[in-house]
Amino acid sequence: MTTPLELQSLAIDIAREAGALAARRRREGVRIAATKSALADIVTDADREVENLIRARLATERPGDGFLGEESDASASGSGITWVVDPIDGTVNYAYGIPAYAVSIAAVSGPATPAEWSALAGAVFNPAVDELFTAARGEGAELRSAIEGDRRLQVAEPSAAGALIATGFGYDPATHAGDLARLQTVMPLARDIRRIGAASLDLTGVAAGRIDAYYERGLHPWDHAAGALIVEESGGRVGGYAGERPSRTMTIAAAPEFFERLTDVVSA
Ligand code: IPD
């Protein structure tokens, strides 16, 4: 049987390789290949090329596993393990040259749906600043950073000044009024708000204590699969609306005590 540590090691190797390709393509110039759910929802040539690289590497190393990625068709798992992949999370940042984008790779067991899977290993790599966030189930989480050095990750409860809370807004203009109304209800808990632009980096930001909490409606499985495990292995909690698993409807992440308070407000 494959252990979470073995899956983590593969996730790290492939995330670093894929990140290097994304960064190289970024230096060469980014071309928007298509729009998806809305005009603002873009895919670049690099998103597709990086996903192809990840998929090919996984097919060679672990041919029986399933695949669920942002830019290509899903394939079912024969082994019980599925790889959930966002080749470039933060595509809009990537297209604008903002150094906050990441390759996100998770290995999950069970059905390939966030309500039912159990995440076993994850790697989120931001090549623009050379930072890797990673976790394996039951083994804790760590940051390997060119900026900070290496350290174990541990979430932090907010101080009396209030919580630094990150969130995001969907690409569909029809959802903006609801997202802004929710933000207004959250503001009394916040010392300030951040919109980082990459869900995987929002989640790993919580894990690293760089932000106190994160919530967003509308995420896809590949946006949160790796980051959610990294938060949990850092002592934090991840959920949806009160009592639910994280889903397209809502994803909330924070240290345990603040998680309860934020979930109450977001779910009201
Ligand atoms: C998006 C980013 C963004 C979030 C969107 C995601 P993508 O992923 O994570 O921060 O607000 O909901 O779809 O499109 O850049 O891979």
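Colleague: What should I know about the numbering and the model before we start?

Modeller: Residues are numbered from 1 along each chain as its sequence is written, and side-chain values use heavy atoms, with hydrogens and water left out. This is a predicted model, where local features need pLDDT of at least 70, side-chain atom pairs count only at pLDDT 80 or more, and totals for chains, interfaces and linings use all residues.

Colleague: Let's begin with the ligand. Which residues come nearest to the ligand?

Modeller: A residue is near a molecule or strand if one of its heavy atoms lies within 4 Å of it. There are 15 residues around the ligand. Those that come nearest are Asp 89, Gly 90, Thr 91, Ala 199 and Glu 216.

Colleague: Which strand gives the largest share of the shell around the ligand?

Modeller: Helices (H or I, at least four residues) and strands (E, at least two) are DSSP runs, numbered from the N terminus. The largest share of the shell is 3 residues, and these come from residues 81–89, strand β4.

Colleague: How far is an oxygen atom of the ligand from an N or O atom in the side chain of Glu 70?

Modeller: A polar contact is a pair of N or O atoms within 3.5 Å; within protein, one must be able to donate a hydrogen and the other to accept it, and residues adjacent in sequence count only if both atoms are side-chain atoms. For the ligand, a polar backbone atom of Gly 197 is 3.2 Å from an oxygen atom, and a backbone N or O atom of Ala 198 lies 3.1 Å from one. For the side chain of Glu 70, the distance to a ligand oxygen is 3.0 Å.

Colleague: How much of the ligand's area does the protein bury?

Modeller: Accessible areas come from the Shrake-Rupley method with a 1.4 Å probe; for residues, only the protein chains shown count as cover. Taken alone, the ligand exposes 380 Å². The share of this that the protein buries is 96%.

Colleague: Now to Thr 204. Is Thr 204 buried or exposed?

Modeller: Thr 204 lies in helix α5, residues 199–207. Buried means under 20% relative accessible area, exposed over 50%, and partly exposed in between (1.4 Å probe, protein chains only). Because its relative accessibility is 0%, Thr 204 counts as buried.

Colleague: What does Thr 204 touch, not counting residues up to four places away in sequence?

Modeller: Contact means heavy atoms within 4.5 Å. Within helix α5, a polar atom of the Thr 204 side chain lies 2.9 Å from the backbone oxygen of Ser 200. Not counting residues up to four places away in sequence, Thr 204 touches Val 124, Phe 133 and Ile 230.

Colleague: Why does Asn 126 count as buried?

Modeller: Asn 126 belongs to strand β6, residues 118–126. Leaving out residues up to four places away in sequence, Asn 126 touches Pro 99, Ala 100, Tyr 101, Ala 102, Glu 131 and Leu 201. Asn 126 is buried because its relative accessible area is 5%.

Colleague: Where does Asp 130 lie?

Modeller: Asp 130 has a phi near 55 degrees, a positive value in a residue other than glycine. At 35% relative accessibility, Asp 130 counts as partly exposed. Its place is the loop between β6 and β7 (131–136).

Colleague: What is the relative accessibility of His 224?

Modeller: His 224 is in helix α6, residues 221–232. Apart from neighbours within four places in sequence, His 224 is in contact with Pro 114, Trp 117, Leu 203, Leu 219, Pro 246 and Thr 251. His 224 counts as buried, with a relative accessibility of 2%.

Colleague: With which side chain does the side chain of Thr 2 make a polar contact?

Modeller: Thr 2 is found in the segment before α1, and at 24% relative accessibility Thr 2 counts as partly exposed. Setting aside neighbours within four places in sequence, Thr 2 is in contact with Leu 7 and Arg 62. The polar contact, at 3.2 Å, is with the side chain of Arg 62.

Colleague: Last one: which residues is Arg 57 in contact with, leaving aside its neighbours within four places in sequence?

Modeller: Arg 57 is found in helix α2, residues 45–61. One of its contacts, Asp 13, is in helix α1 (residues 4–28) and is partly exposed at 43% relative accessible area.
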